[in-house]
Amino acid sequence: MAFFHVSRLWAEIPILLRCSILDPALINGRPKTIHSPFRQGQTSSMFFPQDLKDMKLEDIQDTRLRIFSGTANLPLAQEIACYMGLDLSKINIKRFADGEIYVQLKESVRGCDVFLVQPTCPPANENLMELLVMIDACRRASAKTITAVIPYFGYARADRKTHGRESIAAKLVANLITEAGANRVLACDLHSGQSIGYFDIPVDHVHGQPVILDYLASKMISSQDLVVVSPDVGGVARARAFAKKLSDAPLAIVDKRRQGHNVAEVMNLIGDVKGKVAVMVDDMIDTAGTIANGAALLHQEGAREVYACSTHAVFSPPAIERLSGGLFQEVIITNTIPVKENNYFPQLTVLSVANLLGETIWRVYDDSSADSEGHSSLGID
């Protein structure tokens, strides 16, 4: 069943929200969880500006906010629009016989604030080019502002030179998005914070941690039994921040040596996990080599259970075989990247970031602060 955090604004409107999302029902015996990042008991007034709360239905319908979706993750865009009480704006996207991408907006965006939801997930080049063409179409249609909502930012790992004569593709992609005509980027859990500096336009960096933290809190794991584990040295800062918000849990680090791209070798463990529930935290799972090797080491060191938590589920082969092989009690991810139906397995839990992105879009649209009092639970930089 899908669960949505509906603000008081919509509760006061005497109609049902229009939403074309189908209930995802059970997939491989497990429901696809749609989870709100906000705890029960929080009042909606802290998330919506007063003038938006006082808007009448006809004002909402006439808003100059437009949300378009590319083809990369249409279900997430539908959830965002449904949460906001809006319909997705109509757009025609197709491929010509030679693979070229055609985009036509089916409604006017003149003078509107446009939000384009399109992760650059696999196939990365196809989805990136589609996003660029969408931005160009909106710019040529006289949109007032164009915000690229990129739940997963491809090429983010190519953010520095580790060897001579390498490209920094993250900067290149940032330049392409800017030159195409975007005025702002809304991204979720970038691979590294310095990627924000590659853009010459404002970037709202949203963290998926609140969604995963709330889900873990619902499992009622004793803080005395919990240890947060970074699967590599590069993720220590991320794991430390996660542990601090999870009852200030102790931290462990897996030390590994990478011998090549998508190949990892675990060396040793820094910290104590014996008899404890280990929660491994990373920003993405690609081939799952790093996190699977780390989980095997944790079991060798006496961990009672191992959970894997990640915002982005890239799931390149052989990730599914590694994750479903019995090393993990549960693999917790979000829907920034759509999971193919044949990639579901019993231990997989998918949480939704739709509410998180929806709240952020409202805040960007209304020019309200992302870090003002009462908004800290959104986890926005």
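I began with E6, where Asp-113 is the bridge partner of Leu-65. The model I am reading is a predicted one.

**Entry 1, strand E3**

I looked up how E3 (residues 65-69) and E6 (residues 113-117) are joined, and found five bridges with the two strands running parallel. I then checked which way the side chains of E3 point. Leu-65, Ile-67 and Ser-69 go one way, Arg-66 and Phe-68 go the other way, and all are buried. I noted that Arg-66 is among these buried residues. With five of its five residues buried, E3 is therefore largely enclosed by the rest of the structure.

How many of the ten residues of H7 are buried? I get eight, so I put H7 down as largely enclosed by the rest of the structure. The buried residues are Gln-209, Pro-210, Val-211, Ile-212, Leu-213, Asp-214, Tyr-215 and Leu-216. I next asked what the buried residues of H7 pack against. My list has helix H8 and the strands E13 (277-285), E14 (305-313), E15 and E16. After H7 comes Met-220, and I noted its positive phi, near 55°.

The axes of H7 (residues 209-218) and H8 (residues 236-245) come within 11 Å, and they cross at roughly 45°. Oblique is therefore the word I wrote for how H7 and H8 lie to each other. I recorded their crossing as right-handed. On the H7 side, the contact is made by Gln-209, Ile-212, Leu-213 and Leu-216. On the H8 side, I found Arg-238, Ala-241, Phe-242 and Lys-245. Sorted by class, this contact has five nonpolar residues, one polar and two charged.

**Entry 4, strands E15 and E16**

E15 (residues 330-334) is joined to E16 by four bridges, and the two run parallel. Opposite Val-331 I found Leu-348 of E16. Is one face of E16 (residues 348-351) covered, or both? Both are: Leu-348 and Val-350 are buried on one side, and Thr-349 and Leu-351 are buried on the other.

Methods
Residues are numbered from 1 along each chain as its sequence is written. This is a predicted model: local features need pLDDT of at least 70, side-chain atom pairs count only at pLDDT 80 or more; totals for chains, interfaces and linings use all residues. Side-chain values use heavy atoms; hydrogens and water are left out. Axes are lines fitted to C-alpha atoms, for helices over the stretch in contact, and angles run from 0 to 180 degrees between N-to-C directions. Angles under 35 degrees count as roughly parallel, over 145 as roughly antiparallel, 65 to 115 as roughly perpendicular and the rest as oblique. A crossing is left-handed if the near helix is turned anticlockwise from the far one by less than a right angle, and right-handed if clockwise. Contact means heavy atoms within 4.5 Å. Ala, Val, Leu, Ile, Met, Phe, Trp, Tyr, Cys and Pro count as nonpolar, Asp, Glu, Lys and Arg as charged, and the others, Gly among them, as polar. Buried means under 20% relative accessible area, exposed over 50%, partly exposed in between (1.4 Å probe, protein chains only). Two strands pair if DSSP finds at least two bridges between them.
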